[in-house]
Each structure stands twice: as C-alpha cells, then as structure tokens.
Amino acid sequence: MTASKVRFRFYEELNDFLPPERKKRDFDYAFDGKPSVKDAIETCRIPHTEVDLIIANGASVGFDYHLKDGDRIAVYPVFESIDITPIVKLRDKPLRKTRFILDVHLGTLARHLRLLGMDVKYRNDYEDEEIVREALEEHRIILTRDRLLLCRKAVTHGYFLRSTHPPEQVAEVIRRFDLVDSLQPFRYCMQCNGEIHRVDKSEIEDQLLPRTRKYYDVFYRCSQCGKVYWEGPHFEGLARQVEQFVNGDTEN
Ligand SMILES: [Zn+2]
C-alpha cells in the first residue's frame with residue numbers, strides 16, 4: 001500500500017520555519033497511519049505554539065484532528081489584528097497577565113524586558129524541563145531560540161525569537177504580544193526580577209556614595225535583592241533606551 005498524502009499550505013510568518021522549496025506554496029506531505037495534524041505540523045519543523053488556526057478541507061479543526069488521504073490543510077499563525085474568535089481558537093484565552101520565562105543565553109533580553117516593566121524569569125543554568133515546568137506552574141510564556149523546546153508536548157504558550165539581536169528581540173516581543181500599551185518601566189529589578197518600590201532616603205543613605213547622597217532624593221529598592229535605584233544619569237539613560245524600544249528604534 002502506498003503512503004497517504006495531504007496537501008499543506010502554511011501562511012505568513014510560519015514560512016520562517018520552512019525550507020525554500022516549501023515556502024509560501026502548496027506542498028504534498030506523505031504519511032503512514034493516522035497522525036494528528038499537530039504531529040504533522042511539527043514534523044514540518046513548525047512549533048505548535050506558533051499556530052493559531054488550522055483549516056482542513058474548508059473547516060477549522062483542532063490539533064487533535066487526524067490526517068486523511070487527500071486532505072487540504074491550511075495553517076495560520078497567531079493573528080495579531082484579525083479577530084478569529086468566531087472560528088476556532090486552538091488555545092484557551094491568552095494568559096491573563098503576560099509573564100515570561102526565558103531560555104538560557106537570553107540574559108540581555110531578560111534585563112531589557114524587566115526594564116520595560118515585564119515580569120521575566122531567567123537563569124543561565126535552566127534545564128529545558130525546568131523551563132517547561134515553571135512556565136506551566138506560573139503561567140509564563142516561554143521565549144526561546146530553540147525550536148525543539150517549543151515542540152515539547154506540554155508547552156502551551158511560547159514564542160520563537162527570529163532575531164539574535166536583543167533590541168530587535170524586544171521589539172518582536174512587544175509586537176507579538178501586543179504590549180505597547182502595557183509597558184511600565186522601572187517596576188521590576190533588572191538584576192533579579194524582584195519588584196521595585198519607593199524607599200525613604202533615610203533607609204538606604206548609608207549605602208550611597210557621597211555625591212549620590214548629596215544630589216538625589218528619590219530612591220527605589222528591589223524588594224528581593226535590595227538593589228537601590230535612583231533617578232540619576234544612569235536612570236535617565238535607561239529611560240532613553242526604553243523610549244527607543246517602544247518607538248521601534250532598534251539602532252540602540
Ligand atoms: Zn533585585
């Protein structure tokens with residue numbers, strides 16, 4: 001018996017994951033048995049976290065749909081601006097609060113996102129299993145450059161960063177998760193992700209250098225690691241950076 005075949009077409013940025021001969025065109029996909037459409041999509045190298053809508057023979061289907069010989073399957077990415085609620089969503093609603101967990105090697109992105117007021121968990125010694133477990137337990141979105149991490153079965157919310165350049169990655173994240181209106185700079189400690197609060201100068205005076213003590217009066221302190229922030233030249237430099245990210249100026 002010859003293998004069965006379906007015809008796939010992937011849309012928009014899902015093409016980022018395909019080899020040139022499969023980009024932006026129909027192609028045949030051969031299979032044995034009755035694989036789920038999710039397995040077939042991931043065999044085509046596309047993490048399921050990137051997919052938001054699957055149309056099989058004109059009707060929307062879930063990840064658990066099983067391929068049948070002759071099917072025509074169209075696969076769409078997460079839509080940013082088109083409302084597809086009346087059709088089918090593959091995932092329950094978006095996570096209520098946008099929180100992230102970052103793969104190892106994304107330390108610079110972690111600090112940038114914290115600077116913008118995002119709740120970001122990051123360690124440079126995470127095992128993949130830990131990232132997945134903490135993402136699920138704490139309802140965090142995984143950001144990574146590792147396609148296979150997002151293909152893990154348990155993963156529900158994740159995003160594959162296209163760029164390797166931190167400021168561009170920040171812009172990607174802001175666009176993908178529609179965060180422009182929810183940025184709150186200087187809320188989380190850049191170092192440890194602890195929350196930052198106003199603190200009386202008298203409480204931290206003994207930690208300050210003489211010049212800082214003399215010229216500044218407004219201070220913030222990380223509730224976790226105790227790092228002290230103030231609105232000095234460094235702070236203003238950060239504020240400028242934030243503005244650049246928000247305005248999509250990735251020159252930096
Ligand atoms: Zn801290």
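Me: Which residues touch the most other members of the largest nonpolar core?
Reply: Phe100, Leu102, Ala110, Leu113, Val120, Ile142 and Leu143, out of 33 residues in that core. A nonpolar core is a set of buried Ala, Val, Leu, Ile, Met, Phe, Trp, Tyr and Cys residues joined through C-beta atoms within 7 Å. Buried means 20 or more other C-beta atoms within 10 Å of the residue's own, with C-beta atoms placed from the backbone. This is a predicted model: local features need pLDDT of at least 70, side-chain atom pairs count only at pLDDT 80 or more, and totals for chains, interfaces and linings use all residues. Residues are numbered from 1 along each chain as its sequence is written.

Me: Which element gives this core its largest share?
Reply: α2, with four residues. Helices here are DSSP runs (H or I, at least four residues), and strands are E runs of at least two, numbered from the N terminus.

Me: What does Ile142 contact, beyond four places in sequence?
Reply: Its partners include Ile101, Ile131, Leu149 and His157. Contact means C-beta atoms, placed from the backbone, within 7 Å.

Me: New topic. Where does Tyr188 sit?
Reply: In the loop between α5 and β10 (196-199).

Me: Why does Tyr188 count as buried?
Reply: Because Tyr188 has 23 C-beta neighbours inside 10 Å.

Me: How many residues along the chain separate Tyr188 and Met118?
Reply: 70, yet their C-alpha atoms are separated by 7.0 Å.

Me: And which domains is the chain divided into?
Reply: Domain 1 (4-77) and domain 2 (95-194 + 231-252). The bounds come from an automatic or database domain assignment. Their centres, taken over C-alpha atoms, are 29 Å apart.

Terms used: Buried ≥ 20, exposed ≤ 12 C-beta atoms within 10 Å, placed from the backbone. Contact = placed C-beta atoms within 7 Å.
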